[in-house]
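I opened this entry to keep track of what I looked up in the structure. The notes follow the order in which I checked things.

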Amino acid sequence: MACMKLGSKSDAFQRQGQAWFCTTGLPSDIVVEVGDMSFHLHKFPLLSRSGVMERRIAEASKEGGDDNCLIKISDLPGGDKTFELVAKFCYGVKLELTASNVVYLRCAAEHLDMTEEYGEGNLVSQTETFFNQVVLKSWKDSLKALQSCCCDDHEVLEYADELNITKKCIESLAARASTDPNLFGWPVVVVEQGGPMQSPGGSVLWNGISTGARPKHASSDWWYEDASMLSFPLFKRLITAMDSRGIREDIIAGSLTYYTSKHLPGLKRRGRGGPESSGRFSTPPMSSGSVLSEEEQRRLLEETEELLRMQKGLVPTKFFADMLRIAKILKASPSCVANLERRIGMQLDQAALEDLVMPSFSHTMETLYDVDSVQRILDHFLSTDQIMPVDVGSPCSSSVDDDGNVPQLITPMTAVAKLIDGYLAEVAPDVNLKLPKFQALAASVPEYARLLDDGLYRAIDIYLKHHPWLAETERENVCRLLDCQKLSLEACTHAAQNERLPLRIIVQVLFFEQLQLRTSVAGCFLVSDNLDGGSRQLRSGGGSTEGGGGGWATAVRENQVLKVGMDSMRMRVCELEKECCNMRQEIEKLGKTTTSRKGGGNGSKTWFGIKLKSHQMCSAQEGSVSKSNNSENVKMEKLKDVKERRGKHKKASSISSERT
C-alpha cells in the first residue's frame, strides 16, 4: 500500500490514560477535548494551521482568559484518532499518509479549515494531492479509501460525499473493473499469440528483460471478493457505476450473487460441489465481519432482487430458490416473494428437484411442504410463450422409436413435466396434503408434455399408499389423471398387480397392455416373414457370391432369436387372456344391472369407461393366436409335401438306374 511521509520531527506525544501530552518542554496552554480523549497542547501550532482553531482559541481567550483555555470538538470526522494525526501535523511530527487514513485527514482538514491561507503545504493540499495522484491510480488503494468512507462515523461519509471523495473512488474502481487486470501496474508490452512475451523460464519479458513475474490470466470475476468488503449502499453505487460503463450483465449479476451469498448465511448451505459452485457464480467464503441483523438481511435481500434484471438464464435457478426460501424466513415483502417466484417460473426447466422442495413457513402449517408456491411457479412457467414440440404435439403420437426406446426429447416442457412428477412423488407422503391440491398440480402439466406417465403413476401410487382412507370415488378421480396408453410395460405389469388402484384402472391397464402385445406380436410376424423371404434369396444365390455363408448364418441366428421372442410373447398373451376372461366373468356376475344400464346398442357393452363389443377383448386375442397357429400348420404341411416329392424323385431315379 502506497504512503506519503509528512513532517521531520521525532514523536513528542505521550499518552497517559485518556489524555495526550506534548513533551516539548514547554507547559501546555490549551486543552482540546475530542470525544472522551483530551489533548494538552499549545496554541500557536494549532492556530497557525487551522482557521477554526484560530477562531475558537480567540473566543475561549475572551471568555476565560489565557490561562484557562478549553475547547471541545464533538463533530470532528474520525474522532480522537484523527485529531491525533492532525495535531502531529501541526507540530511537524513525522507521520504517514496512507489510503486508510487519507479520507479521515482530508475530511478533518476541511472541517478545521486547514487551507493554504493558514500555511503553505497545509493539510488540505497535502491530502488532496496524495489522494488524486496516488490513491486513485491503484485498485487496492481506491478500495481502501472507499472502505474508510463507510465506517460507523456518519460525519466522514457526509464530508466524503460533499468533497466527491466517494464518487472519485467509485469511478476509479468501476474503470478498473472494466479493464483487463493483467495490465494493472504494467507498461505496454509486446503481445505475441494473444499474450506477453515470455522467457524460456516462463517469466514475463519487458523490453527483452526478464521481470521475474509469472504471467497471470485473471477472469472477469477477479474483483468480486474485494467489492464484497464494502457496505451495501456503497456496493450498490459501485454496481450502478459499472452498469453505466457498459459492463456485461452476467458479470454484474455474478457480483450481486457473490455479495448476497457472502452476507446471507442461508445462501451457502448448498454452495459446495456442483457445476454452479465454480466460476462466476462461485460461493464465497464465510464472512469474517459482524453478522447482519435480521432487518439488514431482509433489506439486502429485497434490494438485491430489485437490482437483478428480469432475464432468463442470467442467474442460476438454485440461487433464486434459496433466496425465496430465505425471503419467507425473513418475512420479506409480498412483492419480493412474488418476483422471486416469477423469476423461478421463467427458468423452471433449469431447476432441480431440491430447488422446489421447500418447507411451509405459514402459521397454519396445513402442509409440510409449500405446494402453493410451486403451483404459482408452474403457472408462471406455463404463462410464458412455450412452443409445443412437433414430435409430441398429440397425446396419441408415437413416443417410442424403432429400437423400442423412448427418444430423448429434452424440451423445456418435457423437462418441467418430469420435474413436477418428481416433486409430486416427493410431497405425496405428506398426510396433510389434500387431494384437490395434489390433483391441481398434477393436472396443470399439459398432456403432450409427458412422454410417459410412469412418473405420474409412481406419484399417485405413493399418494394412495399414504392416504388409505380415501374413498373409492376419490381414488378413481385421482387415477383419471393417468393415460394408460403412456405407461411402459414395466409400469403396466406393476399396475396390474397393484391392490391400491381401483378396479376400473386395472382393467384399462390390462386392456391397453394386450393391445401393445398384439402390436408387438404382429410386428414380430412381419419381421419373420421378411427374414424368411431374405433367407430364400440367400439360399438361391449362395453359390454365386463370396461371403454368402456368413449372411445366411446371421439370418438364421436372427430368425431363431425372433422365434424365441415370439414364443414368450405368445405365452404372455395366453396368460393375459385367461386373466381377462376370468375378470370379465366376475364383473358380469357382480354388476349385471350396472353394465346393462350403461351399455349401448348393437350388442355392445361399456366396461369402466371403455366401450367394447361383446367378447371383443378375448375373441380378438384368440383369433390372433389361432391365425398364427394356422399359419404354422400350413407351413408344416408344405414342408411334408416337399419331402414326399423328393423321396419319390429319388426312388424313380434309382429304378431307372437299375434298368439301365
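I started with the contacts of Thr82. Leaving out residues up to four places away in sequence, I found that Thr82 touches Pro77, Tyr104, Leu105 and Ala108. The model is a predicted one, and I read every entry here with that in mind.

Next I looked up where Thr82 sits. It belongs to helix α3, which covers residues 79–91. Is Thr82 buried or exposed? Its relative accessible area is 4%, so I noted Thr82 as buried.

I then turned to a helix pair, α17 (residues 412–427) and α18 (residues 435–443). Their axes lie 10 Å apart, and the packing angle is about 165°. Angles over 145 degrees count as roughly antiparallel, so I logged α17 as roughly antiparallel to α18. I recorded the crossing of α17 and α18 as left-handed.

Which residues of α17 and α18 meet? On the α17 side I listed Ile420, Tyr423 and Leu424, and on the α18 side Phe438, Leu441 and Ala442. Sorted by class, this contact has six nonpolar residues, with no polar and no charged ones.

Last, I took the totals for the chain. I counted 25 helices and 13 strands. The chain has 660 residues, and 41% of them count as buried.

Technical notes. Residues are numbered from 1 along each chain as its sequence is written. This is a predicted model: local features need pLDDT of at least 70, side-chain atom pairs count only at pLDDT 80 or more; totals for chains, interfaces and linings use all residues. Side-chain values use heavy atoms; hydrogens and water are left out. Axes are lines fitted to C-alpha atoms, for helices over the stretch in contact, and angles run from 0 to 180 degrees between N-to-C directions. Helices (H or I, at least four residues) and strands (E, at least two) are DSSP runs, numbered from the N terminus. Angles under 35 degrees count as roughly parallel, over 145 as roughly antiparallel, 65 to 115 as roughly perpendicular and the rest as oblique. A crossing is left-handed if the near helix is turned anticlockwise from the far one by less than a right angle, and right-handed if clockwise. Contact means heavy atoms within 4.5 Å. Ala, Val, Leu, Ile, Met, Phe, Trp, Tyr, Cys and Pro count as nonpolar, Asp, Glu, Lys and Arg as charged, and the others, Gly among them, as polar. Buried means under 20% relative accessible area, exposed over 50%, partly exposed in between (1.4 Å probe, protein chains only).
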